[in-house]
Amino acid sequence: MLLIAEVVSVSSARKDYDDCTAKYGRYGIPIYMIVDPYAAEVVVHTDPTGAGYVTARTHGYGTGKLPIDLADGRIFTLDLDELPRPEPESR
C-alpha cells in the first residue's frame, strides 16, 4: 500500500482526522491524505509511527498541483484547483 486517501463527509470528520490517522500510522501506511471539501484543504500525513504520523502538511484548495513522492519512486500529482466543493445548502 503506497497511499490511502479519504474524502471527509460531515459524519466522518472525526474518524478521518483522529481514528484513521492513528490507525494508518500504526499500520505503517506511508502516506495518508485527507481531502476536506468543507475546509477546502488537503492534509498529507507522512512518516508513520506506532501512534500516528510525525509530519502533517496542509495544502489549500486552488493552489495548483501537489506532487506527492510515493515509496516506489513514482510521483502522484493531485490538482488542487480541480477538487470538488460541497454544494451550498438550500434554505
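Which residue in E2 is the bridge partner of Glu-6? I looked it up, and the partner is Ile-34.

**Ground rules**

I noted that this is a predicted model: local features need pLDDT of at least 70, side-chain atom pairs count only at pLDDT 80 or more, and totals for chains, interfaces and linings use all residues. Residues are numbered from 1 along each chain as its sequence is written, and side-chain values use heavy atoms, with hydrogens and water left out. Helices (H or I, at least four residues) and strands (E, at least two) are DSSP runs, numbered from the N terminus. Strands count as paired if DSSP finds at least two bridges between them.

**The sheet**

I traced an open sheet of four strands in the order E1-E2-E3-E4, with mixed pairing. E1 and E4 are the edge strands, each pairing on one side only. On average, neighbouring strands here are turned by 20° against each other, direction ignored. For such angles, axes are lines fitted to C-alpha atoms (for helices, over the stretch in contact), and values run from 0 to 180 degrees between N-to-C directions. H1 packs on this sheet and touches E1, E2, E3 and E4. The direction of H1 makes about 170° with that of E2.

Next I went through the pairs. E1 and E2 run parallel and are joined by four bridges. E2 and E3 run antiparallel, with six bridges. In that pair, Ile-31 stands opposite Thr-46 in E3. E3 and E4 are antiparallel too, with eight bridges. There, the bridge partner of Thr-46 in E4 is Thr-55. E3 and E4 form a hairpin with two residues between them.

**Ile-34**

Is Ile-34 buried or exposed? It counts as buried, because its relative accessibility is 0%. My cut-offs: buried is under 20% relative accessible area, exposed is over 50%, and partly exposed is in between (1.4 Å probe, protein chains only). Ile-34 sits in strand E2. I then listed its contacts (heavy atoms within 4.5 Å). Leaving aside neighbours within four places in sequence, Ile-34 is in contact with Glu-6, Val-8, Asp-16, Tyr-17, Thr-21, Glu-41, Val-42, Val-43 and His-45. I also checked Thr-58, 24 residues from Ile-34 along the chain. The two C-alpha atoms are separated by 9.4 Å.

H1 has 14 residues. From first C-alpha to last, H1 reaches 19 Å, close to the 20 Å expected at 1.5 Å a residue. The expected span is 1.5 Å times one less than the number of residues. I found a bend of about 40° in H1 at Cys-20. A bend is the angle between axes fitted to the seven residues ending at a residue and the seven starting there.

Which residues of H1 are buried? They are Asp-16, Cys-20, Thr-21, Tyr-24 and Gly-25. Their cover includes strands E1 (4-7), E2 (31-36), E3 (41-49) and E4 (52-60).

I picked out Thr-21, which is found in H1 (residues 13-26). Thr-21 counts as buried because its relative accessible area is 11%. A polar atom of its side chain lies 3.4 Å from the backbone oxygen of Asp-16. Not counting residues up to four places away in sequence, Thr-21 touches Asp-16, Tyr-32, Ile-34, His-45, Gly-52 and Tyr-53. Just after H1, Gly-28 takes a positive phi of about 80°.

**Phi checks**

Most residues other than glycine have a negative phi. Ala-40 is not a glycine, yet its phi is positive, about 55°. Ala-40 lies in the loop between E2 and E3. Those strands make a hairpin with four residues between them.

Asp-47 is found in strand E3. It counts as partly exposed because its relative accessibility is 41%.

Last, I looked at E5 (residues 65-69), where side chains alternate. Leu-66 and Ile-68 point to one face and are buried. Five bridges join E5 to E6 (residues 75-79), and the two run antiparallel. Asp-69 stands opposite Ile-75 in E6. The hairpin has five residues between its strands, and Gly-73 in the turn has a positive phi of about 95°.

Notes. A polar contact is a pair of N or O atoms within 3.5 Å; within protein, one must be able to donate a hydrogen and the other to accept it, and residues adjacent in sequence count only if both atoms are side-chain atoms.
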